[in-house]
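I open this notebook to record what I looked up in the structure shown below.

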Amino acid sequence: MNFLFYGSAVIAVITTLVAITRINVVHALLYFIVSLLSAAVIFYSLGAPFAAALEVIVYAGAIMVMFLFVMMMLNLGQATIEQEKSWLSPNMWIGPGILAAILLAEMLYALNLTDAEMAHTMIDAKAVGIELFGPYVLAVELASMLLLAGLVGAFHLARK
Amino acid sequence: MEITLQTIPMQHGLILASILFLLGLVGVLTRRNIVFVLMSLEIMLNAAGLAFIVGASRWGEADGQIMFLIILSLAAAEVAIGLGLVLQLFHKHKTLDLDTLNKMKG
């Protein structure tokens, strides 16, 4: 179980370092997605499976797709056609691919662990839900108002 | 206080969170493309969330995960507004370079 934490910690640091030093935004986003996936593995190894699932769904899924959509909406001209060509060559996706394959191997390893081998006591979604809608119900209301403000703001800003 | 079963020391998790936070900070300070700056902000928010998860697992309470959920919704709202602003700035100035965008008057 320690291997899960330290392996994905190394991958997270490497991919984040690579992501902030890329020239091309889409390359950086690919590496950043791998970084978020390894953060999800770290959450799982720390006994937070619900947070790990949300990290994959919301961060690596929704937020990164929003970034990609915006990069596609900004029509950057002739350079994008050159990019499309370079995407098809393997030297662009081989780095994130290898790192994601290591994460997949770690996930298969984690699936074969028995409960006794888990290094941490798991805090499952039920415990989080009981806390969330018990003492923290005001925080849920605040988060919903924040998301509403985000929705209205994004609608206003993205209009022509 | 009850200490839960764990083999990964808390310090290691916090060190990892601070390394990721510093990488995000370096990204914000050095990059001049506005999309990279937004992405580095996401890295920093994610590192803060990781620190909360480390705390939650150290004490075996769900409270740290609640804070992570709040950070998650904050990041979603922030990136929606930020990317809307990026679209507007790009339509107006045809560039994503922060040094040319730093005058707020259109």
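Which residues does B:Ile53 touch, leaving aside those up to four places away in sequence? I found contacts with A:Phe43, A:Leu46, A:Ala48 and A:Ala51 in chain A, and with B:Gly64, B:Gln65 and B:Phe68 in chain B.

Entry on confidence. I note that the model is predicted. Within chain A, confidence is lowest in helix H4 (residues 78-87), where the mean is 63. The highest value in that chain belongs to helix H7 (residues 137-158), at 91.

Entry on the core. I then looked up the largest nonpolar core and found 69 residues in it. B:Ile53 is among those with the most contacts inside this core, as are B:Leu50, A:Ile42, A:Phe43 and A:Ala48. Next I listed the helices that each supply at least two residues of this core: from chain A they are H1 (2-19), H2 (25-45), H3 (49-73), H5 (90-111) and H6 (125-132), and from chain B they are H1 (10-30), H2 (34-59) and H3 (63-93). H2(A) gives the most, with 15 residues.

Entry on the two chains. I recorded 51 residues of chain A in contact with 49 residues of chain B. On the side of chain A that touches chain B, helices H1, H2, H3, H6 and H7 of chain A each supply at least two residues. H3(A) gives the most to that side, with 12 residues. By class, I found 43 nonpolar, seven polar and one charged residues on the side of chain A that touches chain B.

Technical notes. Residues are numbered from 1 along each chain as its sequence is written. Chains are lettered from A and ligands numbered from 1 in the order in which they are written. This is a predicted model: local features need pLDDT of at least 70, side-chain atom pairs count only at pLDDT 80 or more; totals for chains, interfaces and linings use all residues. pLDDT is the predictor's confidence in each residue, from 0 to 100. Helices (H or I, at least four residues) and strands (E, at least two) are DSSP runs, numbered from the N terminus. A nonpolar core is a set of buried Ala, Val, Leu, Ile, Met, Phe, Trp, Tyr and Cys residues joined through C-beta atoms within 7 Å. A residue is buried if 20 or more other C-beta atoms lie within 10 Å of its own, exposed if 12 or fewer, and partly exposed in between; C-beta atoms are placed from the backbone. Two residues are in contact if their C-beta atoms, placed from the backbone, lie within 7 Å. Ala, Val, Leu, Ile, Met, Phe, Trp, Tyr, Cys and Pro count as nonpolar, Asp, Glu, Lys and Arg as charged, and the others, Gly among them, as polar.
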